[in-house]
Number of protein chains: 2
Amino acid sequence: MSTFEALEKIFNPRSVAVIGVSREEEKPGYVIFRNMLTNLKARRTRFKLFGVNPFVKEILGVKMYSSILDIEEDIDLAIIVVPAKVVPKVLEECGAKGVRAVVIISAGFSEVGNVELERMVEKIATKYNIRVVGPNCLGVYDPYSGIDTIFLPFTKKLRSGKELISAPRPDRGLIAIVSQSGALGLAILDYMAGEGIGVSKFISYGNKVDVDECDVLEYLKDDERTRVILMYLENVKKGRKFIEVARSVTVKKPVVVLKAGRTEAGAKAAVSHTGALAGVDEVYDAAFRRGGIIRAYSLEELLDAGKALAYQPPAKGGCVAILTDGGGAGVIAADEAELQGLEVVKLSESTIEEFNKLKKEGFLPTFAITTNPVDLTGSATTQMYEASLRILLRDEKVDAVVLIALHHIPGIPSIEELVERTARVAKEHKKPVIVATIGGSEAVLYLRKYYEKFYLPSYPSPERAVRALKALVTYGAYLKRVGIMEKYLQEWREPRELF
Amino acid sequence: MSTFEALEKIFNPRSVAVIGVSREEEKPGYVIFRNMLTNLKARRTRFKLFGVNPFVKEILGVKMYSSILDIEEDIDLAIIVVPAKVVPKVLEECGAKGVRAVVIISAGFSEVGNVELERMVEKIATKYNIRVVGPNCLGVYDPYSGIDTIFLPFTKKLRSGKELISAPRPDRGLIAIVSQSGALGLAILDYMAGEGIGVSKFISYGNKVDVDECDVLEYLKDDERTRVILMYLENVKKGRKFIEVARSVTVKKPVVVLKAGRTEAGAKAAVSHTGALAGVDEVYDAAFRRGGIIRAYSLEELLDAGKALAYQPPAKGGCVAILTDGGGAGVIAADEAELQGLEVVKLSESTIEEFNKLKKEGFLPTFAITTNPVDLTGSATTQMYEASLRILLRDEKVDAVVLIALHHIPGIPSIEELVERTARVAKEHKKPVIVATIGGSEAVLYLRKYYEKFYLPSYPSPERAVRALKALVTYGAYLKRVGIMEKYLQEWREPRELF
């Protein structure tokens with residue numbers, strides 16, 4: 001069975017057995033079964049669901065089997081949620097049943113010193129040729145297939161009785177999340193759900209006795225839903241293989257890695273956390289570069305880059321134009337662009353002429369600044385934004401535009417119109433357009449989310465917008481280096497066409 | 001009249017005249033008058049409000065005077081919103097009336113090339129000894145006195161008819177905002193309102209013919225509401241004076257500056273924007289250091305530092321402990337701490353012993369990691385957080401704690417309890433405690449805001465939390481350098497006592 005086939009059984013099985021379904025509402029064995037049952041009832045799943053619990057006949061109205069061996073049908077995926085010491089026995093039964101893919105949620109293995117028990121699991125898996133995610137993991141979430149092993153309570157109750165969503169799931173999207181840390185993986189899902197960013201696949205593989213970052217990368221390479229892969233890693237065991245796999249992936253889709261344990265303090269913490277011997281950071285740096293991997297240096301950067309890479313085409317070069325109605329925000333963006341190694345490019349003569357013409361015609365105020373950054377000032381209107389963005393994108397010297405939209409001014413009476421008009425212009429060229437706003441008011445939040453409906457990634461500060469753009473420039477440079485930029489851009493499609 | 005007295009007339013006048021009240025709803029002259037009238041009716045203001053418009057008898061039910069000279073009472077502050085060319089005449093009248101403080105909102109001066117007109121304004125102001133904020137400025141906002149010259153529409157209408165708050169005002173707070181850029185200043189207010197962070201004073205002085213960053217600093221030094229001063233600057237005209245004033249301020253309260261135009265591209269943009277000749281960035285760097293000013297390197301950093309400095313005491317040193325229930329987030333925090341020049345300190349023997357005792361008693365899981373970062377793992381409970389935070393804060397080697405609270409786990413059934421218990425412990429010592437969460441779900445947003453009710457500043461990523469803590473360490477180091485740390489800490493009071 002190829003890695004792709006094996007992982008397809010995990011993310012997209014035809015039949016699933018949860019082994020260790022519980023009656024207690026807070027227990028993982030209950031939460032997982034209930035969540036997938038809910039998906040089933042809402043017709044969000046395509047698989048058959050079975051439950052195993054030898055002590056109970058029925059849970060949530062569903063018949064419980066006393067062993068997986070009693071299930072009449074073939075099982076593609078077993079999700080194991082029994083106490084650690086029972087895992088070997090259960091895994092043996094999976095093997096006998098012919099199951100070839102399991103997710104072991106159960107904790108209590110090497111992470112608490114039970115190395116022997118983990119070895120035993122490994123042996124049984126090898127004997128039966130079972131691919132294992134886990135143990136001690138958060139497991140997988142796939143909003144397309146309905147697979148969901150995330151076992152944490154979905155809501156938290158306040159004293160007032162009000163329930164708050166606590167562990168939300170992002171909608172269907174184009175971004176795959178791979179996290180060596182379960183808690184961090186969940187927190188990332190929480191962030192994405194809150195921001196309205198969709199996910200294609202999620203996996204956190206815990207102690208990784210078998211399935212690791214290499215397998216996952218290989219699988220995601222061919223996953224059609226996944227347009228960009230975001231990884232949180234503390235270490236990579238098989239360095240050479242990882243780079244090799246990465247090279248085969250990054251010519252098809254971008255991979256962004258947040259590699260923690262970069263510093264001495266961080267590396268020490270990583271050893272305590274995942275037993276990861278982090279190694280010298282420069283080695284990772286070089287390896288990532290060879291693999292075509294984009295490196296993020298903070299959690300925010302990882303997620304910000306993901307959105308940009310999922311929604312916008314890679315940039316042909318690092319020449320950036322900045323369009324703003326607030327001078328200060330433009331200065332900040334220009335600073336950050338230079339700090340990120342981008343060029344706040346001198347605009348073409350013809351562009352300057354076009355702007356001057358608009359000034360003469362009285363369409364632009366005479367005091368608008370039409371060098372780069374282009375500052376429409378507080379007198380800006382929606383129409384000025386639209387026209388200026390078009391002029392900038394047509395300029396051959398401009399590879400990408402940072403669109404700073406401070407919506408407060410009277411010349412932007414309708415947020416919806418500003419977004420629709422500029423988004424339409426942005427799609428006339430295969431050049432990235434990244435949006436920056438600042439603020440936390442209803443109007444700003446609406447503006448950001450509305451831009452993202454049109455897949456213009458939108459950020460709450462000029463600096464974050466520029467850094468996200470940097471990822472598109474880095475990826476474009478890589479594609480040029482390996483000689484496939486033109487082909488890649490030709491084949492690049494708008495996100496909405498991918499759903 | 002001292003600078004303090006003059007600016008007190010601007011922020012806290014007994015009587016105000018708006019010159020150029022308009023009947024058109026979108027016009028600044030309408031918005032300003034209406035907003036202050038609303039404040040008056042809601043009893044949020046303490047001053048008398050007069051309107052001047054020679055063409056209309058009454059606006060919003062209030063009598064209009066045809067000139068400020070017709071007003072019977074003394075006027076502390078005139079807010080001028082007439083067309084640029086009328087400003088000199090109006091200012092003359094203010095002088096004749098004995099007004100000594102004006103805010104000129106009107107645009108159309110040096111920023112559009114009308115240098116002559118600006119000179120004229122300067123001359124008249126000098127002749128009458130009038131202190132001027134502006135022209136071409138957003139002006140001032142003071143939630144304590146009710147003064148508010150922010151003239152942008154308060155809401156934006158969607159097609160559905162729904163109105164979204166677009167230019168919100170933050171509540172009363174402890175942070176003063178000084179912005180050379182009006183649009184950016186407004187965006188900062190927007191951000192603060194959205195995040196629920198209060199403001200003490202806001203000023204954006206536009207073309208600064210008179211009142212500049214030095215005057216404002218001098219005033220804010222003695223403003224009791226202001227605990228920390230955040231500034232956005234593109235240039236400083238009187239460098240030596242600025243440093244001198246800053247030195248007198250920073251021994252009383254922290255000043256954080258985001259100085260834009262750091263790079264060549266940014267400096268060029270700044271020249272276009274405010275005519276600011278930015279100068280070599282290293283010069284600013286050295287000057288800020290001499291003035292005891294903390295430098296922020298991004299908008300997010302500026303605002304994040306502001307919250308930390310307003311809510312928490314300065315740190316005695318750079319030795320940090322990290323407390324987490326997610327290993328990955330702990331590793332990320334440790335990385336960032338080291339990158340920021342902080343020390344992820346080796347905990348004292350007695351601390352380790354205390355933790356070991358708790359393990360033996362079965363209070364902490366044996367697999368919890370009790371070196372620094374302390375990782376309570378997914379088995380953490382509210383009680384473990386409380387006890388561990390207490391132990392860490394008692395450790396003499398620990399100057400500050402980063403509390404990473406990923407609330408998803410079942411051991412934290414009540415967010416409210418977690419916050420209340422840890423916040424109580426945090427206040428047992430005058431050591432900074434900074435909270436980090438990750439995510440965008442209802443529960444995370446609630447957790448963050450609830451922590452801030454107890455004035456524990458709370459950030460959406462470990463990196464941002466650590467960077468905010470860095471500001472407290474930097475300020476602490478400065479206070480030690482000038483020999484007043486002990487005194488400062490003794491006099492330091494909980495934010496809630498300052499309202």
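What rotation superposes chain A on chain B? In this predicted model, where local features need pLDDT of at least 70, side-chain atom pairs count only at pLDDT 80 or more, and totals for chains, interfaces and linings use all residues, a rotation of 180 degrees with 0.0 Å of shift along its axis does so, with an RMSD of 0.0 Å. The two copies are thus related as by a two-fold rotation axis; the superposition is by least squares on the C-alpha atoms of residues with pLDDT of at least 70 in both copies. A:Glu300 is the residue of chain A that comes closest to this axis, its C-alpha lying at 5.8 Å. The copies meet through the same surface, because 100% of the interface residues of chain A are also interface residues in chain B. For finding one's way, residues are numbered from 1 along each chain as its sequence is written, while chains are lettered from A and ligands numbered from 1 in the order in which they are written.

A helix pair links the two chains. Helix H8 (residues 264–274) of chain A and helix H11 (residues 327–339) of chain B have axes that come within 7 Å and cross at roughly 165 degrees. That makes H8(A) roughly antiparallel to H11(B), a label for angles over 145 degrees. Axes here are lines fitted to C-alpha atoms, for helices over the stretch in contact, and angles run from 0 to 180 degrees between N-to-C directions. Helices (H or I, at least four residues) and strands (E, at least two) are DSSP runs, numbered from the N terminus. Among the residues that meet are A:Ala269 and A:His273 in H8(A), and B:Val331 and B:Ala334 in H11(B); contact requires C-beta atoms, placed from the backbone, within 7 Å.

Within chain A, helix H11 (residues 327–339) packs against helix H16 (residues 462–481) at about 35 degrees, with the axes 8 Å apart. Here A:Ala329, A:Ile332, A:Ala333, A:Glu336 and A:Ala337 of H11(A) meet A:Pro462, A:Glu463, A:Val466 and A:Arg467 of H16(A).

Chain A also holds an open sheet of 7 strands in the order E3-E4-E2-E1-E5-E6-E7, with mixed pairing; strands pair if DSSP finds at least two bridges between them. Strands E3 (58–59) and E7 (131–133) of chain A stand at the edges, each with a single partner strand, so one side of each is left without a neighbour in the sheet. E3(A) runs antiparallel to strand E4 (residues 62–65) of chain A, joined by 2 bridges, and A:Glu58 has A:Lys63 in E4(A) as its bridge partner.

Definitions and conventions
Angles under 35 degrees count as roughly parallel, over 145 as roughly antiparallel, 65 to 115 as roughly perpendicular and the rest as oblique. Two residues are in contact if their C-beta atoms, placed from the backbone, lie within 7 Å.
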